[in-house]
Amino acid sequence: MHELGVANEILDIALSEAGRHAAKKVTSIRLRVGVLRAIESGNLSFLFEHLARGTPAEGAHLEIVEEPVRVECDACGVSEAASFLLECPRCKGSGVSVTGGDSLSILSLDVDA
Amino acid sequence: MGNGGNVRIDVERSILQSAEDAAAEIRALLLERKIYALNLISSPGSGKTTLIEALLARVEGKGGVAVVEGDIETEIDAERIRKHGVQVRQINTRSSCHIQPSRLLSVLREMDLSETRLLLVENVGNLVCPAEVPLGEDARVVLLSVTEGDEKPLKYPLVFKTSDLLVITKTDLLPYVTFDVDRVRRAARAANPVVEIFEVSATTGAGMSALLDRIEARQAMKR
């Protein structure tokens, strides 16, 4: 249920940005969510829908852009993966370092002006 | 579509902005008072409170230590810590699965921190939510007990990626469980190449002085 706090923050930011731009209604919200954030998108949308009722963001669609992790392999360079791992997805070598995949941000809002 | 048509507003803002702002206020408060703070994170039952008690039993000058306990419910942990003669506050988070930085900030503002050099914050027991929220700490400490299984860094990578210290606890139980310490070390290093790893048993005291030395050395650097 850690999506509840995230849904609340998304709603707060969306409403304040919409207010600043004198928008009547928020129709869509684009998010960048890293795969390491363990955010279940169905759960997030369900909670957001519930919280947004009666606000200008009621019915807004959450569009999630997933951010993969970046795998740097000593042997074969950089690749991407959809989850944390201990070996290179290409050569299966263990000399890897895993970065990124931890974004949690609002990219943009679509609003009816 | 409304009469004015559909417009895109670029935001590019962290969803955790309000938490990050509160954490920055905590960081400023700690810097001003020269307090070194640890944020302890782990599953329930891996020994956070016991580790704090074991540190308190060994630390000189308990007046310089303050503890904040986070739990969904009860004052049980604060009562345990209070017996060691240090200043302690309990935060009950109720519906929240982690300590919110805004809540920690208001608790710290109520405390008398004039003598405090070391602050230990015990987060709510779970490996998911506390990993997401900064508390303005100097170091984040993740605990993993040997009874939990050695696959945890793979299952909960974010907490291992964002922690400065990994403390493997209950090492006295290693003869009785299947737990590959090297596997954990490898996975933790892949998540965070600069993580410092300690193996301790609060029961036998093994490894405790190395951990305390590390904490006290960093604490001295902040003064």
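Trainee: Which residue in β1(B) is the bridge partner of A:L109?
Mentor: In this predicted model, A:L109 has B:I9 as its bridge partner in β1(B).

Trainee: And what does A:D110 pair with in β1(B)?
Mentor: B:R8 is the bridge partner of A:D110.

Trainee: In which sense do the two strands pair, parallel or antiparallel, and over how many bridges?
Mentor: Strand β6 of chain A, residues 104-112, pairs with β1(B) in the antiparallel sense, and the pairing covers seven bridges.

Trainee: How many residues does each chain put into the contact?
Mentor: Chain A puts in 31 residues and chain B puts in 30 residues.

Trainee: Which elements of chain B give two or more residues to that side?
Mentor: On the side of chain B that touches chain A, they are β1 (6-14), α5 (129-132), α7 (157-162) and α8 (181-191). Of the chain B elements, β1(B) gives the most, with nine residues.

Trainee: What is the make-up of that side by class?
Mentor: The side of chain B that touches chain A has 16 nonpolar residues, along with seven polar and seven charged ones.

Trainee: Back to β6(A). Which strand of chain A is joined to β6(A) by eight bridges?
Mentor: That is strand β1 of chain A, residues 25-34, and the two run antiparallel. One pair to look at is A:V33, which stands opposite A:L104 in β6(A). On the chain B side, β6(A) pairs with β1(B).

Trainee: OK, chain A as a whole. How many helices and strands are there?
Mentor: Chain A has two helices and six strands. Starting from the N terminus, the order is α-β-α-β-β-β-β-β.

Trainee: What is the strand order in the open sheet of three strands?
Mentor: The order is β4-β3-β5 in chain A, and the pairing is antiparallel. β4 (77-81) and β5 (96-100) are at the edges with a single partner strand each, so one side of each has no neighbour in the sheet. From one strand to the next, the twist averages 30°.

Trainee: How many bridges are there between β3 and β4(A)?
Mentor: Five bridges, with strand β3 covering residues 69-73 of chain A and the pairing antiparallel. Within it, A:E72 stands opposite A:V78 in β4(A).

Trainee: What is the radius of gyration of chain A, against that of a compact globule of 113 residues?
Mentor: Chain A has 17 Å, whereas a compact globule of 113 residues would be near 13 Å. The C-alpha trace of chain A spans about 55 × 25 × 15 Å along its principal axes.

Trainee: What percentage of the residues in chain A is buried?
Mentor: Buried residues are 33% of the 113. As for contacts in chain A between residues at least 6 apart in sequence, 68% join residues at least 24 apart.

Trainee: Switching to cores. Which residues have the most contacts inside the largest nonpolar core?
Mentor: B:L120, B:V121 and B:V167, in a core of 67 residues. Leaving out residues up to four places away in sequence, B:V167 touches B:L51, B:V141, B:L143, B:F198, B:V200 and B:L211. Another core, of 22 residues, lies apart from the largest one, and A:V6, A:A23, A:A60 and A:L109 are among its members.

Trainee: How many residues of strand β7 of chain B are buried?
Mentor: Five of the five, for residues 165-169. On one side B:L165, B:V167 and B:T169 are buried, and on the other B:L166 and B:I168 are.

Trainee: What strands pair with β7(B)?
Mentor: Strand β6 of chain B, residues 139-145, is joined to β7(B) by five bridges and runs parallel. Strand β8 of chain B, residues 196-199, also pairs with β7(B) in the parallel sense, over four bridges. B:L166 is the bridge partner of B:V142, and B:L166 also stands opposite B:I197 in β8(B).

Trainee: Last one. Is B:E122 buried or exposed?
Mentor: B:E122 is buried, because 29 other C-beta atoms lie within 10 Å and 20 or more count as buried. B:E122 lies in strand β5 of chain B, residues 118-122.

Trainee: What is B:E122 in contact with, leaving aside its neighbours within four places in sequence?
Mentor: The contacts are B:L40, B:K48, B:T49, B:I52, B:E69, B:G70 and B:D77. The C-alpha atoms of B:E122 and B:D71 are separated by 8.5 Å, with the two residues 51 apart along the chain.

Definitions and conventions:
Residues are numbered from 1 along each chain as its sequence is written. Chains are lettered from A and ligands numbered from 1 in the order in which they are written. This is a predicted model: local features need pLDDT of at least 70, side-chain atom pairs count only at pLDDT 80 or more; totals for chains, interfaces and linings use all residues. Two residues are in contact if their C-beta atoms, placed from the backbone, lie within 7 Å. Ala, Val, Leu, Ile, Met, Phe, Trp, Tyr, Cys and Pro count as nonpolar, Asp, Glu, Lys and Arg as charged, and the others, Gly among them, as polar. Two strands pair if DSSP finds at least two bridges between them. Axes are lines fitted to C-alpha atoms, for helices over the stretch in contact, and angles run from 0 to 180 degrees between N-to-C directions. The radius of gyration is taken over C-alpha atoms; the globule rule is 2.2 Å times the number of residues to the power 0.38. A residue is buried if 20 or more other C-beta atoms lie within 10 Å of its own, exposed if 12 or fewer, and partly exposed in between; C-beta atoms are placed from the backbone. A nonpolar core is a set of buried Ala, Val, Leu, Ile, Met, Phe, Trp, Tyr and Cys residues joined through C-beta atoms within 7 Å.
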